[in-house]
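Please look over the sequence and the model below with the following report at hand.

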Amino acid sequence: MSKLLVNERAIVVPGELIAEGMDFLPSTGTYRANDHIIANRLGLLQVSGKVVKTVPLSGVYQPKKNDVVIGKVIDVLISGWRVDIGGAYSAVIGLKDGTFDFVARGADLTKYFCIDDYAAVKITNVTSQNLIDISAKGQGLGKLTGGRLITVNSAKVPRVIGKSGSMVSLLKRATGCRIVVGQNGLIWINGTPEEEYVVVGAIRMIEKYAHISGLTNRVETYLKEKLGEEALNRPEVPEEQVGESERPPMRERRPDRDRPRSRFEGRDRRERRPPRDRPPMQASEEKTPQGSEE
Amino acid sequence: MNSNVKTHVANAIKKGFRLDGRKNDEFRKISFEVGSIFTAEGSAKIIAGESELLVGVKLTAGTPFPDTPDDGVLMVNCELRPLASPHFEEGPPSIDSIETSRVIDRGIRESGSLDTKSLCIKKGELVWMVQVDIVPLNADGNLIDLGAIASLAALRVTRFPKLENGKVVFGELTDEKLKLSEFPIPVTVHKIGNNLIVDPTEAEEQASDARITITTLDDKRVCAMQKGGDQPFSEEELKKALDLAFSKAKDLRAQIAAL
């Protein structure tokens with residue numbers, strides 16, 4: 001029978017025994033040794049069903065698939081861009097994940113991203129060898145122009161975003177600033193200097209009181225004090241595009257120039273081949289070994 | 001620095017509302033801590049916003065230079081270690097590091113506020129050597145001004161160590177203080193676009209087109225200057241910068257005098 005040795009939401013330290021038995025599953029910040037689960041990071045213990053994990057209280061950003069982060073371009077590669085995303089390893093935007101445009105062979109890639117540019121990107125893959133693939137194509141992704149960037153601890157980002165984005169939309173609504181929050185702790189803010197200053201103040205406050213309940217009330221009070229009572233009653237700002245995130249519309253079809261669509265158009269090339277109903281020939285039958293005629 | 005961010009910084013300054021909410025001619029709030037290093041004869045720590053510097057003054061006895069046999073020696077050194085900022089590199093001192101220490105040195109030296117003649121122990125043989133070491137602990141802009149202010153604060157609280165038979169007994173301080181007749185306060189005025197600002201943060205320094213450090217004394221005298229950056233200052237701007245330097249130095253001087 002499996003047993004949890006530490007209370008949930010208790011602070012665990014690396015090497016601490018969390019659970020005995022095979023019924024629990026180790027997740028991030030924990031590992032299994034024989035039939036024990038042991039912590040390997042400092043943090044709060046979280047148990048959901050059978051899965052045991054630790055939620056870090058601080059520390060460097062750990063890249064995770066599907067995270068939207070803000071990165072800084074540090075190198076232009078032969079077919080892509082290397083981006084610093086604030087983690088231990090840098091990430092790469094492949095050419096096809098950087099832009100919807102057709103990029104000719106040998107084209108100047110700095111047209112899309114240049115060194116020191118900032119971009120909102122999504123992590124598409126993290127390999128076991130810590131190679132990180134990111135994409136700048138998609139809703140709300142792309143190059144960030146103008147605005148300023150501030151950094152918060154990546155462990156505090158969930159509080160800055162709030163439950164299903166409530167905190168960020170509160171800040172956006174009250175100040176009228178455009179805000180992009182990256183899971184890596186980089187936050188991009190664009191508005192008038194006065195508005196931005198209020199947002200920065202609010203984020204610093206969220207960072208400071210991240211562990212205390214009633215954070216939204218506290219932020220609301222702060223915003224009222226800075227911007228006046230009516231600031232919170234402004235209409236919701238529609239979700240907007242940061243960069244070129246949608247595929248540009250296809251040009252109209254021109255029957256005189258475009259070849260007729262075949263019934264395989266758009267499908268994978270391999271699908272076009274008719275299905276084989278006989279097994280492939282054996283290699284030995286097909287080819288006589290060299291020198292056998294002699 | 002990203003040119004977009006640079007434009008953003010410049011636009012904010014144009015509106016007279018800087019990124020940290022200050023006005024263009026506003027210094028960050030400065031706090032001091034003096035005498036916290038016990039192994040130094042005088043020390044000071046200065047904190048302004050995110051910038052933080054530590055200054056130690058060491059007094060040793062040594063032989064004077066042959067051309068100035070009855071003058072004490074003043075040495076000012078500032079090292080920008082990687083500890084303070086990701087932009088600072090390990091290795092031999094960078095140009096910025098040398099410039100910072102030279103400008104601070106020049107301000108104190110050329111003001112004549114430190115009477116080197118009074119540092120003579122025995123003419124031609126033994127004089128006091130004042131060594132000022134400036135170490136930024138966290139660099140967020142304006143290291144010249146803050147370093148110089150902290151140096152003055154440290155020099156102000158410096159006490160001579162005991163001297164026995166021409167040898168210094170370290171760790172035993174006498175009540176005799178180093179005499180500083182005036183406070184030469186440098187104020188670096190940065191030009192960003194067509195606007196002048198004082199006490200820039202690191203982001204503002206990176207967006208800066210030109211800068212001029214003006215070291216002034218109480219009675220409206222200028223004792224040292226240093227110009228940096230690619231762009232020129234017009235005559236008009238220079239006059240404005242001078243006025244700024246005088247008015248800001250006045251506030252800062254009062255703060256040091258109160259220590």
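## Contact between the chains

The contact is made by 10 residues from chain B and 10 residues from chain A, two residues being in contact if their C-beta atoms, placed from the backbone, lie within 7 Å. On the chain B side that touches chain A there are five nonpolar, four polar and one charged residues, where Ala, Val, Leu, Ile, Met, Phe, Trp, Tyr, Cys and Pro count as nonpolar, Asp, Glu, Lys and Arg as charged, and the others, Gly among them, as polar.

This is a predicted model, in which local features need pLDDT of at least 70 and side-chain atom pairs count only at pLDDT 80 or more, while totals for chains, interfaces and linings use all residues. Residues are numbered from 1 along each chain as its sequence is written, and chains are lettered from A and ligands numbered from 1 in the order in which they are written.

Leaving aside residues up to four places away in sequence, A150(B) touches A44(B), I46(B), L53(B), V55(B) and I134(B).

## Helix α2 of chain B

In α2(B), the buried residues (20 or more other C-beta atoms within 10 Å of their own) include S97(B), V103(B), I104(B) and I108(B). After α2(B) comes G112(B), with a positive phi near 70°.

Technical notes:
Buried ≥ 20, exposed ≤ 12 C-beta atoms within 10 Å, placed from the backbone. Helix = DSSP H or I, 4+ residues; strand = E, 2+ residues; numbered from the N terminus.
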